[in-house]
Structure formats: C-alpha cells, structure tokens
Amino acid sequence: MSTYSSLSVYKASYDFLIQMVAMTRNFDREYKFTLGEDIKKETMEMIKNIYRANGSINKKQLIEVARENIEMIRLDLRMLQDFKQLNLRKFVFLNEKVEVISKQLVAWKNSSK
C-alpha cells in the first residue's frame, strides 16, 4: 500500500483545493461564504475519503463517497459560473481539474478488488 500523499488522485485533489482557496478570495461576499465554503468543505471531505480509502480493505465504498463529493463540487462550480463568480476561462479550467479527479477515482474504483 502506498502512502496517501503519493497517490495521483490525492495530489490532484489537494491542488484543486489550493486553487479554490485562492479563487474564493475574489468572489462576492454572498458567494464566498456559501458556495465557496461549500466547495472547500466538500473538497476537504473528498480528500479525507481518499485517505480513508487508501488504508481500507473496502475501498470501493469510500471511493464511491469520494465520487459523490466530486459531483457535488461540479454542481457548485456550475452555480458559481451561473452567478457570474467564475468567468468562462476559470470555469473550464476548474472543470478540467474536476474531470481529471473524477476519472482517477473511477479508475481506482475499477482496479480495486
């Protein structure tokens, strides 16, 4: 078993969190403390689930929970873009990051026995 910090899905998720923390600073106050906080909390929860899955015998269940986290993040990003807190370029950039994480979670789930 590799350490959680060496997993590519962990690294991608952590990088996404760092980018969201930086971008949240520029949101309007109303969205900074609602959708912005929700995304950060959901991302942290996903990272915790990745950590838990790495050390668990029953990885599939925890990976599935992490996949639910990423889908909630995807929904919140869409709302931020609809509320004009993210321009199209940032929205696409973040969604590409989300897609990479999602694909890695699916691949990890499929390779788990």
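**Reading charged pairs in a helical model**

Modeller: Start with Lys40: at 14% relative accessible area, Lys40 is buried. The cut-offs: buried is under 20% relative accessible area, exposed is over 50%, and partly exposed lies in between (1.4 Å probe, protein chains only). This is a predicted model, where local features need pLDDT of at least 70 and side-chain atom pairs count only at pLDDT 80 or more, while totals for chains, interfaces and linings use all residues. Residues are numbered from 1 along each chain as its sequence is written, and side-chain values use heavy atoms, leaving out hydrogens and water.

Colleague: Which residue forms a salt bridge with Lys40?

Modeller: First, the idea. Side chains of opposite charge can pair when their charged atoms come close. The rule for a salt bridge: a side-chain nitrogen of Lys or Arg within 4 Å of a carboxyl oxygen of Asp or Glu. Here the partner is Glu37, with the closest N and O atoms 2.9 Å apart. Glu37 is partly exposed, at 25%.

Colleague: Where do Glu37 and Lys40 lie?

Modeller: Helices are DSSP runs of H or I, at least four residues, numbered from the N terminus. Both residues sit in helix α3 (residues 35-54), 3 residues apart, about one turn.

Colleague: What does the Arg74 and Glu99 salt bridge tie together?

Modeller: Their side chains meet at 3.0 Å, N to O. Arg74 is in helix α4 (residues 59-82) and Glu99 in helix α5 (residues 88-111), so the pair ties together parts 25 residues apart in sequence. Arg74 is partly exposed at 21%, and Glu99 is partly exposed at 31%.

Colleague: How many salt bridges does the rule give?

Modeller: The count is 7. Glu64, Arg67 and Lys109 are linked in a network.

Technical notes:
Helices (H or I, at least four residues) and strands (E, at least two) are DSSP runs, numbered from the N terminus.
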